[in-house]
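Dear colleague,

Please find below the structure that I am handing over to you. The notes after it set out what was found.

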Amino acid sequence: MRIRFQSEGGIAAFPGLNKPIEVHTEQLSADQRAELEGLVNGADVFNQPEVVGSAAPGAADYRVYTVSVQDGARQHTLRVIEPAADPNLRRLIERLRTLARSQRGT
Amino acid sequence: MKSMPHRPLYCILPPHILRSIAANGTQAQRSAAVRSLSVDHTIRLSRATHQLLQAGVRRATVAAAPVGKRRTIYTASNEEALPGAVTRLEGAPATGDLAADEAYDGLGSTFDFYWDVFDRNSIDDEGLPLDATVHYGSAYDNAFWNGQQMVFGDGDQDVFNRFTISLDVIGHELTHGVTGDEVNLVYTGESGALNESVSDVFGSLVKQYALKQTATDADWLIGAGLFTDKVQGVALRSMKAPGTAYDDPLLGKDPQPANMSGYVHTTEDNGGVHINSGIPNHAFFIVASQFGSYAWEKAGRIWYETLRDPRLRPTASFRQFAGRTVRQASQLFGPAEAQAVLQAWREVGVKVS
């Protein structure tokens, strides 16, 4: 499974933090792979709409996350406007944020 | 009520002055003020007008809504559900939770600024309770306004400290609520960058007012203290010198332009609302520096009345916004001030027609 993740928006625009990351779950340890694929399946990514959530009137500084998942022949990209209502989707985003941080070395 | 279209404003004096005249003036002055108030566009002034028409009105009874801070601080306990559990109510003693107490105090300072300087009773000028959630998410590097309340993350503690650490960030978020109440500047492109800039302007003024700093003394930074020592940078943004707040191997370089010649066209970040806000931010800095003394007295007043100007549209461009600030400067203070505002916009490359 390939996962691409990008974050934009927030209280400031940081060019270094807005770069997308890509994860190939096959390259992770067995535990990490099971955890991440479990989160993707738990969030039912392939059945989510292309845009999840909407910014409330007047809302500002919220983040927008773009998640693309490719698993065999299946491929889906969704944009999630925070705060996401779905706790399963929130858990996936949180894990991807942590992965992005570790890929950047922070 | 918030969806009511703005009607043209027929009076020159700002509503808070009219209210004062109506409360304290002679009978003739009162009648004139009440007439002016009656054509204002907001429900709060309709309420105030109604009260003024009743006999024996006193200043204390002018405000239609209860005046005073009504803060509630919640904790999300590092989850992402809002608002979370109440951790501190208005009047309660400090909790010992640094983020909760900083949010409580910061909301208080922001409320005091708007009340003392602009006679504004909270976000909606009708005493709206102030709600904030701290400890949002896990190592969450952000703060936002969700349309109803403020939300603060703890930061990852590696690059970012907790987001309640900077008073101007708290003022920035609350001001998004004020903007949403007055003229909901569409959060994309130039109007979105203006929305962001207005939050930076008043966020910075909240801090300057709390510290009683003049325009010369102020640091004009947004989010000073937010970075850990690991970061090569001083803040999220600099209104004094946009583009210089940080230059760091991890974060990249501060992308803010100070002039229209550097306007960034992008689809990300709602069309670069946090990037191009550097241009109007710098215009405000120039105006405030020209006037000297306390920036909230003249420059802040001009920007505040511009935000309340019924002729300012939600889709305003930099140029349209600039035009209204010049007009407000002229009406509030006079030709010299209007010329200074005009010149500041010229310096940042915004030509006012």
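**Where the two chains meet**

Between chain A and chain B there is one salt bridge, the term for a side-chain nitrogen of Lys or Arg within 4 Å of a carboxyl oxygen of Asp or Glu. It joins the side chains of A:R97 and B:E80, with 2.8 Å from N to O.

Before going further, please note that this is a predicted model, in which local features need pLDDT of at least 70 and side-chain atom pairs count only at pLDDT 80 or more, while totals for chains, interfaces and linings use all residues. Residues are numbered from 1 along each chain as its sequence is written, chains are lettered from A and ligands numbered from 1 in the order in which they are written, and side-chain values use heavy atoms, with hydrogens and water left out.

Chain A and chain B also share 18 residue pairs in polar contact, both residues being at pLDDT 80 or more. A polar contact is a pair of N or O atoms within 3.5 Å; within protein, one must be able to donate a hydrogen and the other to accept it, and residues adjacent in sequence count only if both atoms are side-chain atoms. Helices (H or I, at least four residues) and strands (E, at least two) are DSSP runs, numbered from the N terminus.

The area buried between the two chains is about 2900 Å², and carbon and sulfur atoms give 53% of it. Buried area is the accessible area (1.4 Å probe) that two parts lose on being put together, summed over both. Of the area that chain A buries against chain B, A:I11, A:F14 and A:D61 supply 22%, more than any other three residues.

**The sheet of chain A**

Chain A has an open sheet of five strands in the order β2-β1-β4-β5-β3, with mixed pairing; two strands pair if DSSP finds at least two bridges between them. The edge strands are β2 and β3 (51-52), each of which pairs on one side only. Strands β1(A) and β2(A) run antiparallel and are joined by four bridges; A:R4 has A:E22 as its bridge partner in β2(A). By contrast, β3(A) and β5(A) (residues 74-81) run parallel, with two bridges.

**One residue of strand β1**

A:G9 lies in strand β1 (residues 2-9) of chain A. Is A:G9 buried or exposed? A:G9 counts as buried because its relative accessibility is 14%, and buried means under 20% relative accessible area, exposed over 50%, and partly exposed in between (1.4 Å probe, protein chains only). Leaving aside neighbours within four places in sequence, A:G9 is in contact with A:Y62, A:R63 and B:D269.

With kind regards

Conventions: Contact means heavy atoms within 4.5 Å.
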